[in-house]
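Hi there,

Here is the structure I promised to pass on to you. Have a look at it first, and then read my notes below.

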2 protein chains.
Amino acid sequence: MWERRYGFPQPARDQFGERVYLPQDIEKLRLLKRLMDRGHRPGKLMGLDVETLARLAAAPLPATDAEAPAANFHEFLRRLKDHDMQGVRNYLAQALMQQGLRTFVHETVAPLNAAIGQGWESGTIEVFEEHLYTEQMQRILRGAIMNLPAYHPVPKILLTTLPGEQHELGLLMAEAVLAVEGAHCVSLGVEMPVPDIVQAALRHGAHVVGLSFSIAFPAAAVAEGLHNLRTTLPPSIALWAGGRGSGHVKRPMAGVQLVPELFTLVELFKAWPGTPAK
Amino acid sequence: MWERRYGFPQPARDQFGERVYLPQDIEKLRLLKRLMDRGHRPGKLMGLDVETLARLAAAPLPATDAEAPAANFHEFLRRLKDHDMQGVRNYLAQALMQQGLRTFVHETVAPLNAAIGQGWESGTIEVFEEHLYTEQMQRILRGAIMNLPAYHPVPKILLTTLPGEQHELGLLMAEAVLAVEGAHCVSLGVEMPVPDIVQAALRHGAHVVGLSFSIAFPAAAVAEGLHNLRTTLPPSIALWAGGRGSGHVKRPMAGVQLVPELFTLVELFKAWPGTPAK
DNA sequence: GTCAAGCCTTTGTCCAGGACATAATCTATG
DNA sequence: CATAGATTATGTCCTGGACAAAGGCTTGAC
């Protein structure tokens with residue numbers, strides 16, 4: 001479509017008439033992707049040459065005054081950039097031990113995710129470094145969750161994501177804060193088709209189905225997926241939607257509980273009938 | 001394409017002329033998918049009605065006399081089908097403790113994977129049950145790997161899969177058997193683009209890049225991906241390809257070491273110059 | 001009867017050009 | 001300066017055509 005509309009890329013053709021992209025075009029496309037993720041629009045970028053794009057990509061973000069990564073994360077990011085995997089592991093394990101799982105999730109995992117995401121957008125973090133981070137963090141969280149007993153039989157909470165949502169860290173963070181409270185969680189992993197979610201919820205006798213949406217998940221798909229699931233799922237089973245992507249839902253949906261913050265998740269759990277307040 | 005060619009499915013159209021599929025058509029498509037995974041071809045199935053398809057799908061496989069799931073797995077599969085997650089976890093944890101990680105991988109994980117795969121093909125295992133299995137197994141394996149020290153600095157092995165290969169268990173099994181030997185492994189998780197693999201290998205100073213392919217990964221993509229990576233990666237870095245899908249490569253490729261079996265992986269590691277034989 | 005080589009059928013994926021809903025931006029008005 | 005409406009930009013769908021690659025079948029040799 002871009003080729004038709006903007007004249008870029010203009011691939012060569014192989015013997016069968018199929019498009020073959022030059023390496024330098026692919027490099028430009030990678031730059032475009034990064035800039036578009038930052039909010040630029042394709043029409044404006046397409047005409048620029050690689051150098052201009054690279055300069056744009058290298059330029060620092062307009063400093064979202066929201067939150068600069070806390071100073072102590074610099075140490076973590078340094079270890080990650082140095083590929084000191086043992087150091088990365090130690091940092092996380094130590095933070096977990098010092099803070100406890102609940103505080104660790106809120107004050108280390110969440111801000112670190114934001115810092116990594118920001119680094120990815122600004123190009124200071126490579127793809128494989130982001131993967132390494134995710135991999136190590138998943139290990140730490142899973143390890144911590146595994147050691148917690150589920151002493152509250154209700155509500156039984158089924159956790160998963162819809163097809164297309166591959167971001168597993170959000171799910172693990174939710175499971176972690178719930179596990180701390182002793183909640184009975186069953187995680188199905190990511191990308192579960194709606195009919196299978198329904199079937200799993202019924203078979204498990206789940207009281208709640210919890211979905212996690214990352215900010216990258218298309219807004220339309222969030223609404224459609226939730227509506228789909230809500231109409232298929234028996235009304236007696238609650239549906240909770242969390243993660244940054246759940247913010248895409250502007251107006252409240254009947255029978256869908258939005259969970260904008262991890263704190264909300266804990267509150268919802270504690271407010272469930274039969275869950276003793278601590 | 002099927003609609004054009006076979007007349008099925010014949011979706012209704014919404015107000016914008018876009019296809020809307022009836023739930024019963026989707027159900028038939030799910031059956032078709034399952035049967036095609038078993039080797040049936042679409043042209044033969046398309047004309048049949050749902051009942052016939054369901055009967056076909058329910059029919060047992062022609063009993064691949066290769067290996068019936070060992071009797072003791074029945075207990076595990078029963079717990080999985082009963083959604084007794086605590087029981088599933090206990091079974092795996094107990095097997096791991098009894099057998100040790102090396103034997104656990106070879107004699108429990110590998111055959112269980114086969115049994116689950118077979119159950120999925122024959123329709124006795126639901127999608128969400130397969131996800132649950134994968135999730136629990138991943139937790140066990142990651143937990144076990146995390147506690148092993150990497151006392152051999154060389155070779156440093158980078159583990160990952162190519163884009164499109166989402167199967168993570170194979171990767172974890174490889175990491176587990178290597179970790180038992182004290183190998184220095186760095187796992188990047190799944191679906192890493194070739195340029196990023198190269199970059200990661202260089203930055204980490206890896207001696208080996210290990211790729212895992214499941215049997216479901218298209219044969220052509222295995223060959224293309226390996227060739228691609230081999231030509232981009234410096235010749236000094238070895239490239240190992242394992243998993244059932246690596247069997248798709250018929251003739252040996254220069255500079256690519258095929259690893260048909262997990263045992264081979266350990267042998268390759270031990271044969272690396274500088275690795276002391278145990 | 002068994003096996004291999006070659007032919008035919010099946011099937012997936014590409015191509016081109018057209019259309020239009022929706023999101024993003026701009027403009028005019030209060 | 002804010003807001004509603006107009007305009008532009010952009011993604012995704014549609015149709016119909018083409019053909020490579022894989023799979024299955026037939027024929028002939030031994």
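A salt bridge is a side-chain nitrogen of Lys or Arg within 4 Å of a carboxyl oxygen of Asp or Glu. Please keep in mind that this is a predicted model. A search over all chains turns up 32 salt bridges.

One of them joins Glu181(A) to Lys270(A), with the closest N and O atoms 4.0 Å apart. These partners sit 89 residues apart, Glu181(A) in the loop between helix 8 and strand 4 of chain A and Lys270(A) in helix 11, so the pair links distant parts of the chain. Glu181(A) is buried at 2% relative accessible area, while Lys270(A) is partly exposed at 34%.

Others stay within a helix. Arg139(B) and Glu135(B) form a salt bridge with a closest N and O distance of 3.1 Å; they are four residues apart in helix 7 of chain B, about one turn. Arg139(B) is buried at 5%, and Glu135(B) is buried at 4%. There is also a network of salt bridges linking Glu135(A), Arg139(A), Arg142(B), Glu168(B) and Glu175(B).

Now to the DNA. Among the 16 residues around DNA strand C, those that come nearest include Arg4(A), Arg19(A) and Gly43(B). For example, a polar side-chain atom of Arg19(A) is 2.3 Å from a phosphate oxygen, and a backbone N or O atom of Gly43(B) is 2.8 Å from a phosphate oxygen. Helix 1 of chain B gives the most to this surface, with three residues.

Happy exploring!

Terms used:
Residues numbered from 1 in each chain as written. Chains lettered and ligands numbered in written order. Predicted model: local features only at pLDDT ≥ 70, side-chain atom pairs only at ≥ 80, totals over all residues. Heavy atoms only, no water. Near = heavy atom within 4 Å. Polar contact = N/O pair within 3.5 Å; in protein donor to acceptor, adjacent residues only side chain to side chain. Helix = DSSP H or I, 4+ residues; strand = E, 2+ residues; numbered from the N terminus. Buried < 20%, exposed > 50% of the residue type's maximum accessible area, 1.4 Å probe, protein only.
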